[in-house]
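Good morning. I will go through one structure today, starting with a strand, then a helix, then a pair of helices and the core. Please have a look at it first.

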Amino acid sequence: MDRRSFLAAAGAALSAYPGLAQNSGKQTQNVILVTTDGLRWEDLFRGADPAQINKTTGGVSNPDALKARFWRDSPEERRELLMPFVWKTVAKHGVLYGNRDRGSDAYVTNGMNFSYPGYSELLTGAPDDRINSNDQIDNPNVNVLEWLNTRESFRNRIAAFGAWDRFYYILNSRRSGLLVNDGYTPLHTNTPNDRIDLLNRVKAETDIWGSEAQDAPVFLLAKEYFRTARPRVFYLALGETDEWAHGGRYDLYLNAAHRVDRYVEELWNLAQSMDQYRGRTTLILAVDHGRGAEGASWRSHGQKVPESKYVWMGIMGPDTPALGERANAEPVTQSQVAATLAALLGEDYHAAFPKTGKPIAEAIQPAAK
Ligand SMILES: [Zn+2]
């Protein structure tokens with residue numbers, strides 16, 4: 001859909017629902033947030049990395065097969081091959097941050113450059129020195145989903161699905177009461193069906209990593225929930241990109257990234273086919289940390305890999321101008337995502353929690369405070 005019909009659909013959809021909150025002149029009524037663990041900005045913006053299409057550092061046993069699938073001579077062609085939805089749709093209708101080759105920096109401010117601190121910064125809007133491990137510890141900080149859930153119009157209309165079994169703790173489901181389905185936990189809903197039963201079983205029986213389920217059953221379960229429960233704020237957290245990177249398999253890492261792109265497209269298209277979401281939904285894409293750039297360091301990240309603080313993010317929806325791939329832009333930080341998500345929905349998270357990052361103003365029209 002081009003931008004004009006995109007906006008026309010947004011306007012038509014809004015007038016069909018006069019009872020909706022006005023959201024201070026904004027059209028966004030729903031947000032879909034998708035993360036894929038530790039997918040590097042280098043791969044997103046440059047496509048397949050020639051330095052890793054080998055056995056030694058990339059763990060690729062059949063480089064020719066990988067090249068046939070993901071190699072082209074220019075970075076622009078390569079990246080579009082790897083993540084076609086991001087490049088053909090998000091970059092066209094929305095905005096992408098984090099291409100350091102073009103002077104757009106996006107980074108985490110937590111200093112740890114690994115997962116729990118990264119997701120905590122993303123979802124609570126601030127780094128916290130106490131969050132210094134990936135342990136199963138309830139997050140002491142309020143997160144933006146939890147805060148929105150205290151609002152009448154969002155209550156029990158927020159859900160999170162995560163491949164990693166830490167999201168229950170990161171989002172402090174015990175305190176927040178948020179629906180968080182993560183790891184190998186089966187989904188139990190008020191409206192069970194055969195698909196959910198089947199996917200619960202597939203998820204449980206395809207255990208490779210212990211603490212992280214495979215992306216496919218996580219996504220399919222999440223999509224089934226989205227379709228039937230129609231949450232206003234929906235968070236999908238995928239994890240295979242990080243697992244295959246740590247496993248030193250660049251081929252499977254690229255496959256996982258490509259699949260994530262397809263999943264995002266499927267979810268977006270599903271949303272656009274439903275009255276509640278069509279033209280009134282903003283998509284936010286993010287990651288929890290970057291990874292090393294050179295040699296075998298692409299496999300890892302953390303405090304000892306300083307460049308792993310660099311991340312990327314994307315935003316697309318009826319309130320976001322089509323700024324495309326940003327160049328020579330103001331840096332953005334992980335801590336700004338929570339307030340940006342809330343601001344798109346007309347809520348001022350940054351005012352409620354002043355230590356959090358400010359909304360990314362240019363990504364929201366009319367410009368956020
Ligand atoms: Zn991670």
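A residue is called buried if 20 or more other C-beta atoms lie within 10 Å of its own, exposed if 12 or fewer, and partly exposed in between, with C-beta atoms placed from the backbone. Helices (H or I, at least four residues) and strands (E, at least two) are DSSP runs, numbered from the N terminus. Residues are numbered from 1 along each chain as its sequence is written. The model is predicted, so local features need pLDDT of at least 70 and side-chain atom pairs count only at pLDDT 80 or more, while totals for chains, interfaces and linings use all residues.

Now the strand. Strand β1, residues 30-36, is mostly covered, with seven of its seven residues buried. In a regular strand the side chains alternate between the two faces of the sheet. Here Asn30, Ile32, Val34 and Thr36 point one way, Val31, Leu33 and Thr35 point the other way, and all are buried.

Which strands pair with β1? Pairing requires at least two bridges found by DSSP. β1 pairs in the parallel sense with β7, residues 281-286, over six bridges. Six bridges also join β1 to β6, residues 233-238, and these two run parallel. Thr35 has a bridge partner in each: Ala286 in β7 and Ala237 in β6.

Next, helix α6, residues 115-124. 10 of its 10 residues are buried, so α6 is largely enclosed by the rest of the structure. Its buried residues pack against α7 (144-149), α8 (167-170), β7 and α14 (337-344); contact here means C-beta atoms, placed from the backbone, within 7 Å. Just after α6, Gly125 takes a positive phi of about 90°.

Now two helices together. α11, residues 215-229, and α13 pack at an angle of about 5°, with their axes 11 Å apart. Axes are lines fitted to C-alpha atoms, for helices over the stretch in contact, and angles run from 0 to 180 degrees between N-to-C directions.

Finally, the core. A nonpolar core is a set of buried Ala, Val, Leu, Ile, Met, Phe, Trp, Tyr and Cys residues joined through C-beta atoms within 7 Å. The largest one has 103 residues, and Leu145, Ala160, Leu236, Val311 and Met313 touch the most other members. Helix α13, residues 250-272, gives the largest share of this core, 10 residues. Leaving aside neighbours within four places in sequence, Leu236 is in contact with Val34, Phe161, Phe219, Ala222 and Leu267.

Notes
Contact = placed C-beta atoms within 7 Å.
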